[in-house]
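Look at the model below, beginning with the ligand and then turning to the packing of helices.

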Amino acid sequence: MTTLIRADGLYRSFSVKAGLFQPQQLLHAVNGVDIAVERSEVLGIVGESGCGKSTLARMLLGLTPPSAGAIFIDGQDIATLGRLELARRIQPVFQDPYSSLNPRRSVAAIVAFPLEVHGIGTRSERRAKAIEMLERVGLPPRYADSTPGQLSGGQRQRVGIARALVMNPEIVVCDEPTSALDVSVQAQILNLLLDLRQEFNLTYVFISHNLAVVEHIATQVAVMYLGRVVEFAPTATLFARPRHPYTRALLASVLTPDTSLGIPETGLGLSFPDPIHPPAGCPFHPRCPQRMASCETQRPALVGDGAGEVACHLYPAATLQGAST
Ligand code: SF4
């Protein structure tokens with residue numbers, strides 16, 4: 001297996017104002033993230049709203065430049081790739097299919113738009129390719145001249161997926177692609193994504209706050225908290241033996257989901273910390289049921305063993321290294 005997309009030491013901060021007369025402050029949305037995804041794998045990235053996962057998605061797509069660190073596709077720094085080359089290698093599927101589709105254009109024109117932007121093919125060739133992609137995502141040609149407003153939410157997301165695939169990319173970054181859809185439609189879209197992965201040999205980075213969705217589609221999972229990865233493991237391992245207390249809380253929330261606020265009911269309360277003033281030590285310590293004195297002052301490093309990686313003082317490096325032998 002070869003690493004297709006890799007992020008090394010990614011940081012991204014934003015200058016924000018807490019109020020009209022307040023000074024600018026730095027919000028560290030992504031705070032030292034390393035990831036590597038093998039070809040044909042599906043990396044699920046999970047965490048509550050505000051954990052930095054959508055900023056990470058935008059950086060992987062080249063839409064938000066990192067404050068520090070670099071992203072490589074097949075070993076090549078994406079900062080050195082032209083727009084067309086990047087678009088041919090990585091494409092997005094966004095959360096809200098309605099707001100991400102131009103309501104005045106026909107479905108065929110929307111799907112063909114990336115080809116048009118990059119000057120690929122004639123007008124009729126682009127339309128033919130768009131209709132072919134629409135059929136591949138389950139929308140018959142009769143929908144080609146419909147507008148997004150004439151489609152259901154699930155059909156609109158199929159259009160968004162067809163638009164992502166029309167450039168024949170190797171990697172698709174899916175940012176909460178099913179969270180705006182009814183539960184029954186969510187399953188159809190997830191199964192479609194799995195079929196397309198097989199058919200086109202796609203590699204996915206799949207962002208979600210919903211661990212149940214990630215369990216269905218991902219081969220590996222990274223759990224993010226306040227801009228950092230706190231646990232990483234193959235999906236089956238993470239669900240069978242979650243180690244970080246935050247992962248365990250998220251998993252417990254799978255049984256009692258309350259997505260009405262856009263975040264799961266974790267049993268930890270809704271007091272997600274202020275990312276402008278993150279807690280000292282382990283950033284999870286104010287909410288952690290297993291915190292120790294050292295957790296308030298010492299930040300645990302992400303340490304790996306044969307089962308994955310975890311950043312928590314409950315799993316000191318010596319224990320992890322011993323466990324792998
Ligand atoms: Fe909890 Fe301490 Fe582990 Fe952080 S380091 S998750 S506070 S036990």
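**Ligand site and helix packing**

The ligand takes up the space of the largest cavity (on a 1 Å grid over the protein atoms alone, a set of points where a 1.4 Å probe fits but cannot get out). This is a predicted model, in which local features need pLDDT of at least 70, side-chain atom pairs count only at pLDDT 80 or more, and totals for chains, interfaces and linings use all residues. Residues are numbered from 1 along each chain as its sequence is written, and side-chain values use heavy atoms, with hydrogens and water left out.

Around the ligand are 13 residues, of which Cys282, Cys288, Cys295, Cys312 and His313 come nearest (near: a heavy atom within 4 Å). This shell has 8 nonpolar, 4 polar and 1 charged residues (Ala, Val, Leu, Ile, Met, Phe, Trp, Tyr, Cys and Pro are nonpolar, Asp, Glu, Lys and Arg charged, the others, Gly among them, polar).

Helices are DSSP runs of H or I, at least four residues, numbered from the N terminus. Helix H5 (residues 153–165) packs against helix H6 (residues 183–200) at about 20°, the axes being 10 Å apart (lines fitted to C-alpha atoms over the stretch in contact, with angles from 0 to 180 degrees between N-to-C directions). H5 is therefore roughly parallel to H6 (under 35 degrees).

Terms used
On a 1 Å grid over the protein atoms alone, a cavity is a set of points where a 1.4 Å probe fits but cannot get out, and a pocket is an open set with protein on both sides within 12 Å along at least five of seven lines; lining residues have an atom within 4 Å of a point. A molecule sits in a cavity or pocket if more than half of its atoms lie within 2 Å of its grid points. Helices (H or I, at least four residues) and strands (E, at least two) are DSSP runs, numbered from the N terminus. Angles under 35 degrees count as roughly parallel, over 145 as roughly antiparallel, 65 to 115 as roughly perpendicular and the rest as oblique.
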